[in-house]
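Take a walk through this model with the coordinates open.

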Amino acid sequence: MTAAATSSNHVPSQPDVFDFKAYLQRSKETVEAALDGSLGPERPESLREAMRYSLLAGGKRLRPILCLAACELAGGTVSQAMPTAVALEMIHTMSLIHDDLPAMDDDDLRRGRPTNHKVYGEAVAILAGDALLTRAFEMVALRSPGVPPERLLQVVGELSLVAGAPGLVGGQVVDLESEGKEVSLETLEYIHLHKTGALLSACVITGAMIAGADEALIKALRVYARGIGLAFQIIDDILDITASSEVLGKTAGKDLIADKTTYPKLLGLEESRQRADALVQEAKDALSPWADRAMPLLALADFITSRDR
Ligand code: GRG
């Protein structure tokens with residue numbers, strides 16, 4: 001790991017007038033530098049190349065930025081949270097690699113490039129995902145200087161819950177089992193809260209844990225995360241219909257082709273958007289007691305419903 005991953009590069013978050021665009025840009029650059037420096041002497045080189053191919057393929061980097069913002073809100077620093085922020089992007093990236101495999105969503109375009117298995121073959125893609133997942137836990141447990149070990153243990157616990165059966169894996173299984181079936185709004189919400197919401201929630205919760213946040217803030221952040229997690233997925237469903245593959249960097253229109261149950265399918269486009277807006281408002285309301293210090297998280301919530309990719 002290079003110094004980039006542990007440097008105390010400060011991302012300004014509380015200027016007098018909050019410039020979200022500049023905040024997002026600078027945060028993204030800081031995260032990209034940390035990601036670039038995060039893969040050490042993985043051998044063999046072919047595995048390292050496959051891991052780097054997907055980890056450094058771009059993407060909005062929303063998850064690490066949420067983690068850094070929550071840590072700062074709770075009084076911590078960017079450098080304390082960066083290894084965990086990198087770990088979250090590693091888990092997200094591995095879930096994308098596995099999701100794109102022929103046995104799952106079977107896709108050949110991700111982040112504007114051929115999917116991992118299209119370039120390196122299925123076996124290496126599975127193993128690159130496995131290596132990124134385990135590397136994520138190494139980042140937290142062994143490469144997080146300046147954070148008390150009991151907080152790191154909490155972070156490891158949170159990550160293991162959201163990655164496994166109670167989170168992403170469970171959500172993915174219910175999603176696969178629901179293909180071609182009539183799905184209720186309740187089941188759809190279950191899938192989204194587990195497949196997508198759990199990791200987004202872990203981003204803000206682990207960021208806050210690293211800073212030693214109190215229970216009141218953790219509780220509020222869980223409400224915030226539920227709102228943005230569901231809203232994020234509703235917008236994802238809408239963009240699948242309304243945006244092009246070029247803009248999305250992944251195959252558009254897949255939900256329709258696979259006849260997947262989505263929010264627009266159950267509620268229509270207009271009501272889906274209204275629901276996403278209401279969820280974002282709920283998320284922002286939860287942070288109102290911290291409003292003067294929560295500008296990045298409040299703006300990130302709005303960004304989720306206004307995004308075009
Ligand atoms: C974590 C052990 C473990 C296994 C993974 C394959 C799987 C199990 C779960 C699927 C999870 C998945 C792919 C959910 C979809 C989440 C989603 C909406 C991704 C798109 O996120 P963006 O828009 O993408 O933030 P970028 O490319 O910007 O990062």
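Which residue lies over the face of Tyr53? Arg113 does, at 4.3 Å from the ring centre. A charge counts as sitting over a ring if NZ of Lys or CZ of Arg is within 6 Å of the ring centre and within 35 degrees of the ring normal. Arg307 lies over the face of Phe232, at 3.9 Å from the ring centre.

Some ground rules come next. This is a predicted model, in which local features need pLDDT of at least 70 and side-chain atom pairs count only at pLDDT 80 or more, while totals for chains, interfaces and linings use all residues. Residues are numbered from 1 along each chain as its sequence is written, and side-chain values use heavy atoms, with hydrogens and water left out.

Now the rings. A pair of aromatic rings is described by the distance of the centres and the angle of the planes. Here, rings of Phe, Tyr and Trp (its six-membered ring) pair if their centres lie within 6.5 Å; planes under 30 degrees apart count as stacked, over 60 as edge-to-face and the rest as tilted. The whole structure holds five aromatic pairs. In one of them, the centres of Phe18 and Tyr23 are 5.5 Å apart and the planes meet at 55°, so the pair is tilted. Phe20 and Tyr23 form another pair, and this one is stacked, with 6.4 Å centre to centre and 25° between the planes. Ring pairs link Phe18, Phe20, Tyr23 and Phe303 into a cluster.

Why are Phe20 and Tyr23 separated by about one helical turn? Because they are three residues apart in helix H1 (residues 20–36). Helices (H or I, at least four residues) and strands (E, at least two) are DSSP runs, numbered from the N terminus. Next, check the accessibility of both residues. Buried means under 20% relative accessible area, exposed over 50%, and partly exposed in between (1.4 Å probe, protein chains only). Tyr23 has 4% relative accessibility, so Tyr23 counts as buried. Phe20 is buried too, with a relative accessible area of 18%.

Turn to the ligand. How many residues surround the ligand? There are 21, and the closest are Lys60, Arg63, His92, Arg111 and Gln172. A residue is near a molecule if one of its heavy atoms lies within 4 Å of it. By class, this shell has seven nonpolar, seven polar and seven charged residues. Ala, Val, Leu, Ile, Met, Phe, Trp, Tyr, Cys and Pro count as nonpolar, Asp, Glu, Lys and Arg as charged, and the others, Gly among them, as polar.

Which helices supply the shell? Helix H4 (78–99), helix H8 (168–178), helix H9 (185–210) and helix H10 (215–242) each give at least two residues. The largest share, six residues, comes from H4.

Look at the polar contacts (pairs of N or O atoms within 3.5 Å). An N or O atom in the side chain of Lys60 is 2.6 Å from an oxygen atom of the ligand. For His92, a polar side-chain atom lies 2.8 Å from a ligand oxygen atom. In the side chain of Arg111, an N or O atom is 2.8 Å from an oxygen atom of the ligand. The protein covers 91% of the 760 Å² of accessible area that the ligand has on its own.

Helix H9 also holds Val204 and Lys195. Is Val204 buried or exposed? At 0% relative accessibility, Val204 counts as buried. Val204 and Ala85 are 119 residues apart in sequence and 9.8 Å apart in space, C-alpha to C-alpha. Lys195, at 23% relative accessibility, counts as partly exposed. The C-alpha atoms of Lys195 and Asp285 are separated by 24 Å, and the two are 90 residues apart along the chain.

Leu159 lies in helix H7 (residues 149–163). With 0% relative accessibility, Leu159 counts as buried. Leu159 and His192 are 33 residues apart along the chain, and their C-alpha atoms are separated by 17 Å.

Finish with the backbone. Arg61 has a phi near 60°, a positive value in a residue other than glycine. Arg61 is found in the loop between helix H2 (45–55) and helix H3 (62–73), and at 1% relative accessibility Arg61 counts as buried. Asp106 has a phi near 50°, again positive in a residue other than glycine. Asp106 lies in the loop between H4 and strand S1 (109–110). Its relative accessible area is 47%, so Asp106 is partly exposed.

Conventions. Polar contact = N/O pair within 3.5 Å; in protein donor to acceptor, adjacent residues only side chain to side chain. Areas by Shrake-Rupley, 256 points an atom, 1.4 Å probe, with all protein chains shown as cover.
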